[in-house]
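Come along as I go through my entries.

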Amino acid sequence: MDRADALRRLGERASDQWGLVTAAQAKLDGAQGVDLLRLERAGLLENVGRGVYRIAAAVPPEHLESKVAWLRLDPKTPAWQRVPGERRSGVVSHASACELHGLGDLPVDRVEMIVPVRRTTRDDCVLLHQLALEAEDITVVDGLPVTTVERTIADLLRSRADGAHIGTVIADADLKGLLDVERLAARVGSFARAYGLPATASGEDLLGALCEQAGRTLRSREGEQAAAAGFASAVTAMETLASHPGALDRLMKSLGRQQTALQSLGGAEQMTKTIAAAQQSMAQALGQTSALELLMKDAAARDERLRSALARPSALEQMTKTIAAAQQSLRDSLGVDSLARTLAKTASVDTLGSLAARSNPMQQALAGYDRTLKALGKLPAALPPDRPRQAETEENG
């Protein structure tokens, strides 16, 4: 056959096989052994394995050894016509599958494949395993049929591979999000005793132990360990605080000071007088325009609502009673360690004071009127220029 014609036919077939072609496929295209030898001597073909050639102009493929071994399982059938599960087919597995998935650091001395029927090979670089495979255990990586990550780990455990190496594979797969840890744990629990774990160990225990052998940790275990460390640190801090002399006594005194401060804020009568004075100051300073009449009516309505609310037990009295009850409860419980630890977790007294100040209805009402006066003071001047100044003086007074 003409050299150019032979090279063209081989190139067409090799284009869908990573630039590779077998001698058996070349013979089907009319190229004999002598033609292949001439092309090889001319530098147009490269012999990359027994009976397998690479088109020299093609880009060298990754995982060349696995692809050569897989093509040689059924040298006459093109790659695109092969179906996993057929008698002469094979699926890359075990350490070779880890290499294609990019997991772990297992030594890959031979290309390992799973075949459906018993087969032998004279190639020392190939190891065949006769095992049953389900369709869901097979995926495709770089054009090659490969066992899934979960099936690969299960096969490594079945073949009693080194535990630390398997742990690295598991941790890498978990880190890359290629693994459903719960599903894998349910699948591999039966191998726990073979790796030195007690009969009661679960699949999850096995995965954790293998990762520990590799000096790695599953992401789920990392979260558990961080939570446990944080809890232990919190317990230590609470125990230290609870055992400090006078800690509870200082807290009780602070609560007492807070109660006194709340009681000194004044009652409903003082609030009503202040609101009335603010209304009168606004009327004197701003006149009786229609807009201001509406404002005064709204203020009067708010005043009435405040008076109605203050007719009921005041919020200050409620808060004072609550703090007094808490204080008494603390006195009754000073000897209980668990209460001391709980109090160590509570907010600071300063925070409690700030919260009480913000929740005081009298201060909220006065602050609201203060903001109203300042906002109205920014209206266009339709009044004598000295009145806003007078209002400001009365407000400050």
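I am working with a predicted model. I looked up the sheet and found that it is open, with 3 strands in the order β1-β3-β2 and antiparallel pairing. Next I asked myself which strands sit at the edges. They are β1 (20-22) and β2 (45-49), and each of them pairs on one side only. I also noted the twist, which averages 35 degrees from one strand to the next.

I picked β1 and its partner β3, residues 52-55. Over how many bridges do β1 and β3 pair? I found 3 bridges, in the antiparallel sense. In this pair I located T22, which stands opposite V52 in β3.

I then turned to helix α4, residues 64-73. Helix α4 lies across β1, β2 and β3, and I wrote down that it runs at about 30 degrees to β1.

**Entry four: two helices together.** Two packed helices are described by the angle between their axes and the distance between those axes, so I looked up both. Helix α8 (residues 181-188) and helix α9 (residues 203-213) pack at about 105 degrees, and their axes are 7 Å apart. Angles from 65 to 115 degrees count as roughly perpendicular, so α8 is roughly perpendicular to α9.

Which residues make the contact? From α8 I listed V181, L184, A185 and V188, and from α9 I listed G203, E204, L206 and L207. Sorted by class, the contact of α8 with α9 has 6 nonpolar, 1 polar and 1 charged residues.

Definitions and conventions: Residues are numbered from 1 along each chain as its sequence is written. This is a predicted model: local features need pLDDT of at least 70, side-chain atom pairs count only at pLDDT 80 or more; totals for chains, interfaces and linings use all residues. Side-chain values use heavy atoms; hydrogens and water are left out. Two strands pair if DSSP finds at least two bridges between them. Helices (H or I, at least four residues) and strands (E, at least two) are DSSP runs, numbered from the N terminus. Axes are lines fitted to C-alpha atoms, for helices over the stretch in contact, and angles run from 0 to 180 degrees between N-to-C directions. Contact means heavy atoms within 4.5 Å. Angles under 35 degrees count as roughly parallel, over 145 as roughly antiparallel, 65 to 115 as roughly perpendicular and the rest as oblique. Ala, Val, Leu, Ile, Met, Phe, Trp, Tyr, Cys and Pro count as nonpolar, Asp, Glu, Lys and Arg as charged, and the others, Gly among them, as polar.
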